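Thanks for coming. I have one structure to go through today, so please look at the display before I start.

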Amino acid sequence: MSSSSASPSLSLPKALARLIPFAKPAKWWILAGILAALAGSVASLAIPIVLQEVVDGPLLTGDRAAILWGVVAVLALGVAEALFIFLRRRFVLRPMTEVEFTIRQTFYERLQRLPVAFHDRWQSGQLLSRMMQDIGLIRRWLTFGMIMLLVNVLTMLIGIALLFRWHWVLGTVFFICSLPIWIVGYSFEQKYGALSRKSQDQSGDLATAVEESVHGIRVLKAFGRGGHSLAQFREQAESLRGTELRKAREVGLIWFWYDLVPFLALGACLFTGIVLASLGQLTVGELFGFFALAAAVRWPMNSLGFLFSFLIDARTATDRVFEVFDAEITITDLEHPRTIENPRGELAFRGVHFRFPDARESERDLVDGLDLVLRPGETMALVGATGSGKTTLTALPTRLYDVTAGAVELDGVDVRDLRLEELRQRIGIAFEDPILFSASVRENVLLGREDLDPQSAEADRVLREALDVAQAGFAYDLPDGLDTEVGEEGMSLSGGQRQRLALARVVAAGPDVLVLDDPLSALDVDTEALVEAALRRVLASTTALIVAHRPSTVSMADRVAVMQHGRVIAVGTHSELLRSSDHYRHLITSLEAGVEPPPSTTDPTDPTDTTYPTDTTGTEEVAR
Ligand SMILES: Nc1ncnc2c1ncn2[C@@H]1O[C@H](COP(=O)(O)OP(=O)(O)OP(=O)(O)O)[C@@H](O)[C@H]1O
């Protein structure tokens, strides 16, 4: 999802109130921070009162000792203010980093639990910027912005109360003159809110652009498109700069107001004070105290502009983070899941339909009523034209996506009725594009074996066996052997080496059912033959569904399923299908010629297409 993601239409307090559960464990520290900040403000506001008392009292009477005490009191209040500011920071800083840590952890956990369909829609840069930038901003808001806004508003109110104490006219004039602050603040929220959202979204888009170009740096270089990529980046960065400038202009304007209004309010009070003093309604000490008070409340009033913009940025960041928290986790465990008592390894697709959420209404389902049964221990190759939905089908048994109708069953149990943990232990999957993590070979290969201590002898045995099956002996010769870091941050491996480690990973997981999406595509013919020979040992005792793009992969299978138009149109042994299915012959000829079979344009309902089964269940293996 890009910058167009809508923000929930909650009021500002409600939007920010969603942070309360996260901030709750730190509530006493927050309270201590607020009290310390408030105490600091009170200390600074007490100075004008002391000054007023000194001017109206000892200064008039010439009581030197009392004047000295007054000076000491002012100094002590100044020191107390500094101390309270220090304590405020001390109280909240550490607990708030814990709050930030919890929000970030919850965010990461959420990303893990959200279905693949969510990740298909969301750009990684958008998630990254929310995870890092927005959560950091929320922490800064909770640590500083929220407390200072609260305390500075309170300081202003106490200041107004003090003015009323000295003279009600002073208080009233100050109150009326400061009203524009709140009016301007309200209209600022409306305008600045949209800009804040835009800039935070744009910086997410920019992060995506950087991530993509770094990821695809080889392609960009190979095609000499570095300049083009730079121009695109520049355009996006320029657009973000434009938004930031408009934001800065808005902030500049509100700062101007928040500089001007207190100045005018205090000026009006000063004028009123002088008039009142000349009328004898205000003592010189009170006028003097008022000057000092003006200096004390000036910063809290000026800071409101900055704090308001901070408040709105924090709200935007909260909205952006909660858009991920609010996203529905559609693939979950049942409250009372079932379990497979006697695993046999039978995998069945029964009337399975699947369509991607963004598919057009007019489009037929990508998997369109597919029936297929893999008997326990059987190896089934899946062939079909490019784009026919083979990879998508392999994602359904492990519930990376859920079927939109029908069911996938493992040993007669709907996979949706099993606990995800059990399901993913029973069915292992290796993807065509092998992903390795920034970790050692050992950790990568044993990823699915949470039950094993990676340093144990059993783990070592499983690891070595899996590497043997996947013909990944090269791993022993890496600089640190099986402890060599691979993946993005580690040693660069060839496509074939990565693919063999990914294959070793699924073999090491030891599932009852293996789903392999063209697992040998990056291997040379000799290595492929070796892997196949070793893989046969594993396949002898495991049910396997293997997407095949090469005749040699097909040859490993007991039977072959032919997929077309979202259905299995024929199932049988290779030789049986060669005899009975025109479409299979066509596919195999293309595979033997080393070309991807083109997407079939045959209408599935066309009676002249001889490959379409007469039995619409599709499970009737036409040439069993
Ligand atoms: N995440 C997705 N969102 C929307 N459409 C998708 C998504 N993934 C794949 N598709 C579409 O689904 C169709 C089938 O894709 P799939 O990868 O399953 O085909 P395939 O048979 O494995 O192809 P190939 O043999 O080329 O690997 C394609 O048209 C593809 O564009």
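**Helical part, sheets, ligand shell**

Let me begin with residues 168-188, where the chain is 100% helix and 0% strand and the end C-alpha atoms are 31 Å apart. Helices here are DSSP runs of H or I with at least four residues, strands are runs of E with at least two, and both are numbered from the N terminus. This is a predicted model: local features need pLDDT of at least 70, side-chain atom pairs count only at pLDDT 80 or more, and totals for chains, interfaces and linings use all residues. Residues are numbered from 1 along each chain as its sequence is written.

The span I opened with comes from an annotation. An unreviewed UniProt entry places "transmembrane region" at residues 28-51, 66-87, 141-162, 168-188, 255-276 and 288-312. Residues 288-312 are 100% helix and 0% strand, with end C-alpha atoms 37 Å apart. The unreviewed entry also places "domain: ABC transmembrane type-1" at residues 31-313. That span is 94% helix and 0% strand, and its end C-alpha atoms lie 23 Å apart. UniProt positions are in the numbering used here, feature names are shortened, and annotations may be inferred rather than shown by experiment.

Now the sheets. Strand E1 (residues 347-354) and E2 run antiparallel and are joined by 6 bridges. Phe-354 stands opposite Val-367 in E2.

The other open sheet I want to show has 6 strands, ordered E6-E9-E10-E3-E11-E12, with mixed pairing. At its edges are strand E6 (427-430) and E12, each pairing on one side only. Direction ignored, neighbouring strands of this sheet are turned by 20° against each other on average. E6 pairs with strand E9 (residues 513-517) in the parallel sense over 4 bridges, and the bridge partner of Ala-430 is Leu-516 in E9. Helix H16 (residues 495-509) packs on the sheet and touches E6 and E9, its direction making about 175° with that of E6. Contact is C-beta atoms, placed from the backbone, within 7 Å. Axes are lines fitted to C-alpha atoms, for helices over the stretch in contact, and angles run from 0 to 180 degrees between N-to-C directions.

Which residues surround the ligand? They are Asp-120, Phe-356, Asp-358, Leu-366, Gly-384, Thr-386, Gly-387, Ser-388, Gly-389, Lys-390, Thr-391 and Thr-392. The criterion is a C-beta atom, placed from the backbone, within 6 Å of the molecule. Helix H12 (residues 390-394) gives the most to this shell, with 3 residues. By class the shell has 2 nonpolar, 7 polar and 3 charged residues. Ala, Val, Leu, Ile, Met, Phe, Trp, Tyr, Cys and Pro count as nonpolar, Asp, Glu, Lys and Arg as charged, and the others, Gly among them, as polar.

Last, two backbone angles. Most residues other than glycine have a negative phi. Arg-399, in the loop between H12 and strand E4 (405-410), has a positive phi near 60°. His-565, in the loop between strand E11 (559-564) and strand E12 (567-572), has a positive phi near 50°. Arg-399 counts as buried because it has 21 C-beta neighbours inside 10 Å. His-565 has 23 such neighbours inside 10 Å, so it is buried too. The cut-offs, with C-beta atoms placed from the backbone, are 20 or more others within 10 Å for buried, 12 or fewer for exposed, and partly exposed in between.

Terms used. Two strands pair if DSSP finds at least two bridges between them. Two residues are in contact if their C-beta atoms, placed from the backbone, lie within 7 Å.
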